[in-house]
Amino acid sequence: MDVQIWTYIIVGITFSIYIGIAIGARAGSTKEFYVAGGGVSPLANGLATAADWMSAASFLGLAGIISFSGRDGSVYLMGWTGGYVLLALLLAPYLRKFGKFTVPDFVGDRYYSQTARIIAVICALFISFTYVAGQMRGVGIVFSRFLQVDITWGVIMGMTIVFFYAVLGGMKGITYTQVAQYCVLIFAFTVPAVYISLMLTDNPIPQLGFGADLVDEPGMSLLDKLDGLSEELGFNKYTEGQKGTMDTFFITMALMVGTAGLPHVIVRFFTVPKVSDARKSGLYALVFIAILYTMAPAVSAFARTNLLATIPGATYKEVPQWFKKWENAGLISWVDKNKDGKIKYGPGIAFGENADGKLKPQLLFDKAGELQRGENNEVKLYNAPSNNSNELYIDKDIIVLANPEIAGLPDWVIALVAAGGLAAALSTAAGLLLVISTSVAHDLIKKSINPDISEKGELIAARLAAVGAVLVAGYFGVNPPDYVAAVVALAFGLAAASFFPILILGIFSKKINKQGAISGMLAGLISTLAYIVYFKFVNVTDNKPENWLFGISPEGFGTFGMILNFIITVTVSKFTPEPPKEVQNMVEALRYPGEAKE
Amino acid sequence: MKQSDKRLYWKKNVKYLLILLSVWFFVSFVLGVFFVDYLDGVKKTADGIVEDPESIFHGFRLGGFKLGFWIGQQGAVYVFVLLILIYVILMNRLDKKFNIEEKEITTSDH
């Protein structure tokens with residue numbers, strides 16, 4: 001059986017499981033649709049949260065980013081896990097005690113203001129839409145790479161599956177499919193990692209093998225070898241960081257706080273029965289996330305070592321099969337600049353822009369639709385060679401995608417990785433779609449426009465909103481806006497700058513009032529939005545350290561917005577009337593897991 | 001719950017939070033960002049990154065890793081898990097001490 005058949009079988013099995021769960025877990029009430037009836041066990045919720053959180057970017061992208069940035073990649077590892085400490089300690093237990101359905105619910109009630117609620121809804125919708133576009137694209141890419149299906153059809157298949165369990169099952173359906181999806185994705189990530197760790201270091205635990213000595217060269221540790229190989233080729237040492245200290249601080253903080261402020265993650269804690277369960281599921285969630293997040297940097301180092309040890313200096317005609325396979329897919333490209341038939345790899349970008357003005361290889365086809373090939377039978381590119389000596393382009397996604405092949409693993413493992421990538425993308429997409437549909441049906445229609453709507457009517461509205469959201473997400477998946485990558489920084493920055501401060505202050509202070517919260521939210525939101533939009537969209541050429549405010553990159557600016565939000569919220573609250581007594585009593589009640597009644 | 005008990009319970013909770021979050025900040029930012037080069041036994045200079053023989057961690061390896069690198073890519077994540085675990089244990093104990101009996105919270109619109 002070849003890879004493709006294996007992929008159809010494994011992806012087919014996992015999809016049937018998801019659909020089966022969806023049919024078994026249909027939502028009958030708005031409570032089931034929004035928060036799975038509030039009866040999910042902490043363990044199941046931890047698994048679901050981990051799948052919800054880990055997207056295609058975590059599964060495919062993370063190891064790749066680290067592989068190409070070495071120690072500087074630590075910002076993502078710490079940033080995307082450290083936020084759970086904030087979430088579990090500062091937000092989850094209290095928001096659970098609050099006992100409503102959404103984050104805007106809390107903002108609206110705590111700040112006794114319809115304006116605050118609407119601003120929160122807009123932030124939630126904006127964050128979720130930016131995020132979901134990337135997920136649908138991820139689904140399409142996995143389909144097209146593994147099954148040679150057109151991206152459009154891949155997206156449509158992904159939409160159909162999500163449609164099934166998100167629209168029918170709501171949060172209830174999503175929760176139990178996410179549990180299954182976590183199992184699929186973690187298994188798919190672990191199998192190749194363990195194999196490669198054994199192969200390189202003879203240690204079955206990648207987290208330890210990562211620091212161990214190489215099997216081939218006793219006495220030489222893997223990381224020393226990697227540092228040496230990197231330096232020989234003119235790269236920085238893998239274990240050294242180049243990023244400025246202040247900027248690293250701001251980025252790490254923005255990612256942590258942004259994680260804690262993401263509505264689709266927060267809402268997962270509304271699904272457990274009790275406050276103590278919310279704490280526990282925070283713990284489970286981070287344990288399950290940590291399994292992947294501590295393995296990813298090991299995979300990065302293994303793959304980078306393999307790559308640097310085998311490819312640079314090799315004669316093109318003798319490169320391994322996987323190199324050629326991914327070359328045909330445009331994820332690896334080689335231009336023989338010095339005409340020696342050997343692959344030269346070093347710092348710098350190997351070639352110029354493609355016809356769309358992007359630094360991605362564009363393959364050339366002849367009239368018969370076959371790939372055009374050069375003197376060494378390499379795939380020819382539209383892109384012109386650049387004037388440095390580096391001849392090789394490697395796409396970051398290759399690190400996880402090609403891992404099984406580089407390690408010479410059986411075909412079913414490759415198919416498993418495809419199913420894992422799909423599980424990661426679909427689970428996150430579903431969580432986001434739910435936030436979107438809840439925001440529309442509950443926060444906008446029920447709480448703002450038509451409070452008299454019946455339970456049945458609201459449930460129908462929620463389902464219709466979910467359908468609408470799936471269609472919009474699918475549209476963005478097929479026609480991805482150019483700015484998908486830039487927009488992720490925006491989602492985190494906005495979550496950090498808008499939600500986080502007023503949630504924390506709303507719980508830990510009784511005196512913060514609506515004037516403070518509204519002005520703080522707006523200040524954080526507008527400053528961060530303006531800064532990121534300016535450097536990422538309006539004046540991209542200015543996006544250099546010397547132009548940044550206090551040396552903060554757009555990725556780290558959410559931290560600044562957050563601090564601004566805190567200061568303004570507290571200051572304005574000081575000079576305006578205290579919140580009404582019943583709001584202060586509500587805050588008081590949030591602080592005790594038991595009934596607040598005497 | 002009596003009013004005085006409530007105040008005491010909340011005070012304890014906040015104390016736990018402050019201690020645990022200080023550790024969170026120390027590990028992530030002091031060790032993981034500000035002193036990461038020192039822990040790796042290197043320093044940034046005008047000519048790039050060079051070995052720093054003055055660092056007491058120069059030449060130190062933890063299971064094959066330089067210390068700063070390990071904290072950034074592994075250690076910090078383990079500490080985060082540990083912090084939440086400690087918080088869960090402390091709070092469960094506190095709930096018991098104050099005889100808090102949790103009922104299922106009814107999520108509703110009203």
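Okay, quick definition before we start: I'll call two residues in contact if their C-beta atoms, placed from the backbone, lie within 7 Å. Keep that in mind when I talk about what covers a helix. And one caution, this is a predicted model.

Let's begin in chain A, with helix H3, residues 42-53. How far apart are its end C-alpha atoms? They're 16 Å apart, and at 1.5 Å a residue the 12 residues should span 16 Å, so the two agree.

Now, is H3(A) enclosed or open? It's largely enclosed by the rest of the structure, because 11 of its 12 residues are buried. Buried here means 20 or more other C-beta atoms within 10 Å of a residue's own. Among the buried ones you'll find Pro42(A), Asn45(A), Asp52(A) and Trp53(A). There's also a run of alanines in there: Ala44(A), Ala48(A), Ala50(A) and Ala51(A) are buried too.

So what does the covering? That includes H8, helix H12 (263-266), helix H13 (275-310) and helix H17 (411-449), which belong to chain A.

Let's pick one residue out of H8, which covers residues 151-201 of chain A: Val184(A) sits in that helix. Val184(A) counts as buried because it has 25 other C-beta atoms within 10 Å. Who does Val184(A) touch, once you leave aside neighbours within four places in sequence? Thr14(A), Ala419(A), Gly420(A) and Ala423(A). For a sense of distance, Gln321(A) is 137 residues away from Val184(A) in sequence, and 27 Å away in space, C-alpha to C-alpha.

Zooming out on chain A, we've got two domains. Domain 1 is 25-306 + 410-590, and domain 2 is 332-394. Taken over C-alpha atoms, their centres are 35 Å apart.

The contact takes 51 residues from chain A and 45 residues from chain B. On the chain B side, helix H1 (3-34), helix H2 (36-40) and helix H3 (67-97) each put in at least two residues. Which of them gives the most? H3(B), with 16 residues. By class, that side of chain B has 27 nonpolar, 10 polar and eight charged residues.

Last stop, a bit of strand in chain B. Strand S1 (residues 42-45) and strand S2 (residues 48-51) run antiparallel, joined by four bridges. S1(B) and S2(B) make a hairpin, with two residues between them. If you want a pair to look for on screen, Lys44(B) stands opposite Ile49(B) in S2(B).

Key:
Residues numbered from 1 in each chain as written. Chains lettered and ligands numbered in written order. Predicted model: local features only at pLDDT ≥ 70, side-chain atom pairs only at ≥ 80, totals over all residues. Nonpolar A, V, L, I, M, F, W, Y, C, P; charged D, E, K, R; others polar. Pairing = 2+ DSSP bridges. Expected span 1.5 Å × (residues − 1). Domains from an automatic or database assignment.
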